[in-house]
Amino acid sequence: MIGTANSFAQQQKSETTYLDVAANDHGYEKGLLVHRALTRVPDPDPHIVEIGPGGGAAVAFLASQFEDEPRDVRLTLVEVPGVQSHSLSRAVDRFNTIGTCALVHGWAQDIATLVSGPVDVISASALLHEVYSYGGAYSGLHTMIRTFPSVLKPYGFFVYRDVFAVDAPSLHERAVQSYNARSWLQFLRMFLPHYLHDGTHPYHHHDDEIVVHQNSRIVAAPNLDPRICAVIHAPIGMFREAQRHYITLRDHVWRSGILGFIPILDGQLSGDWIDFRSGHKRVHFTFNDSTRMSSSDHTSITAVSESYGDHHVIDGDIFDAVTDVALNLFLRAVERGDTDCTQVWGTWLAREGRETYAYLTADELLTAFAMHSAEMCTNMPPSALMPVLPEDVFVRERHYYNRFLNKSLANPLTDAKQMVLFQNIPLTDTEALQRALGTIRGHCSKSNLARVHTAIHTRG
Ligand SMILES: C[S@@+](CC[C@H](N)C(=O)[O-])C[C@H]1O[C@@H](n2cnc3c(N)ncnc32)[C@H](O)[C@@H]1O
């Protein structure tokens, strides 16, 4: 077992506000590929395993699907020991009205010992970045990938959903970004040193150095002046990481209530779109009695919003701009040692600040799955985990975040979720392997394709 309760942010991840609410939307997207996999599973009574179900969004979605299309499905959930969620319990109860659902406590890395007999589908949504961050980085990930073929039936499926990294062959490719928004500069000054020092990340190579220029001079990240535009040279994955962390911090600070206004981030009112594809929405929010907000700020925000029943509604772009100003003041208060702000910042750092969200590009991900799964030596015939159909690899963009990033940054990187439906293909099935190689050809570099070919042919 690689992950331990000490290294995993267990307490912070178990908070009701996190698993039950903050990390529990997009149930359709989380259950989508499991549902698709089941349409291709021949067993009339399939066994599914979901690792890291969190607040149970996928469980609830699947229960709702099987209410309409009855099928005797057995679902086993594997969750970290000690992590509890009320909404997961409700989803389990709902699932048990149409099938059988059991919750097992254990670590993803020990999946082979937690599940009896090979299963039809394993699903992991937003899990692999946690295994990378707390469970041994790349070697932890690779060990887990090597285990999957022994837990899956031949032609069984592994459903992958996690943060989309970058549209580049490697996270280490160097890029240049400029920042001039104060809240971002202030954030980078505080976040970068912390992440590089305390986070689990892959940026240790001599060519991974982050070089910050201000006024044509090189400055150390902790000395970055938030009033001056910065030009930063760094690995592209590092920029993606900073973007992702800014967004999770923003969400965390909103939910804490410390800014004096709290957007409704879940449920129907959180998707009040003016134009979905361009990410433009109305944001519903409430004021609270936080003393952080001055009465003049309260008056200004009220003036640019409308009242809506017991709360207010505001244009999303204006809301984002207001938030950036408030977030900048919040971060400066953390630096000054303000107790309340430091506490909110500290809980975010403990829960998210050390994590790496962008750990593999799509090219690297597909290559790693094919190669490490093919390396597995068990009593089962050798197989490889690869997506067979072209539509089994896709991304789902976060339009609202992308709109925000486009307005705040000079060269924003796309915010999206990477989705892949891997199939456990026996290496004797050359036809399925050819189709799978055709699918990954659209995403992998030639050198990675050659590595996959070699791995398959060595074992096959
Ligand atoms: C970011 S949450 C995602 C929750 C849910 N899958 C979703 O997409 O909404 C990660 C989940 O994986 C669990 N988790 C993290 N590391 C794990 C590990 N090593 N083994 C099993 N579960 C793990 C967490 O407790 C949590 O439930």
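Student: How many salt bridges does the count come to in this predicted model?
Tutor: The model is predicted, and side-chain atom pairs count only at pLDDT 80 or more. A pair qualifies if a side-chain nitrogen of Lys or Arg is within 4 Å of a carboxyl oxygen of Asp or Glu. By this rule the count comes to 22 salt bridges.

Student: Which parts does the pair of Lys 153 and Asp 120 tie together, and how far apart are they in sequence?
Tutor: Lys 153 and Asp 120 form a salt bridge, with their closest N and O atoms 3.1 Å apart. Lys 153 belongs to strand β5 (residues 152–163) and Asp 120 to strand β4 (residues 119–125), so the pair links parts whose separation in sequence is 33 residues.

Student: What is the distance between the centres of domain 1 and domain 2?
Tutor: The domain assignment gives domain 1 as 10–165 + 359–459 and domain 2 as 174–352. Taken over C-alpha atoms, the centres of domain 1 and domain 2 are separated by 30 Å.

Student: What area is buried between domain 1 and domain 2?
Tutor: Interface size is often expressed as the accessible area lost when the parts come together. Carbon and sulfur atoms give 54% of the area buried between domain 1 and domain 2. The total is about 2,900 Å².

Student: Which residue forms a salt bridge with Asp 415?
Tutor: Between domain 1 and domain 2 the count is 4 salt bridges. For Asp 415, the closest N and O atoms of the pair are 3.3 Å apart, within the 4 Å cut-off. The partner is Arg 244.

Student: Which element gives the most to the side of domain 1 that touches domain 2?
Tutor: There are 13 residue pairs in polar contact between domain 1 and domain 2, both residues at pLDDT 80 or more. Elements giving two or more residues to this side of domain 1 include α8 (137–151), α15 (399–408) and β17 (416–426). With 8 residues, the one that gives the most is α15.

Student: Which residue takes a positive phi in the hairpin of β13 and β14?
Tutor: Strands β13 (residues 305–308) and β14 (residues 311–315) run antiparallel, joined by 4 bridges. Ser 307 stands opposite His 312 in β14. The hairpin has 2 residues between the strands, and the residue with a positive phi near 60° is Gly 309.

Technical notes. Residues numbered from 1 in each chain as written. Predicted model: local features only at pLDDT ≥ 70, side-chain atom pairs only at ≥ 80, totals over all residues. Heavy atoms only, no water. Domains from an automatic or database assignment. Buried area = accessible area lost by both parts, 1.4 Å probe. Polar contact = N/O pair within 3.5 Å; in protein donor to acceptor, adjacent residues only side chain to side chain. Pairing = 2+ DSSP bridges.
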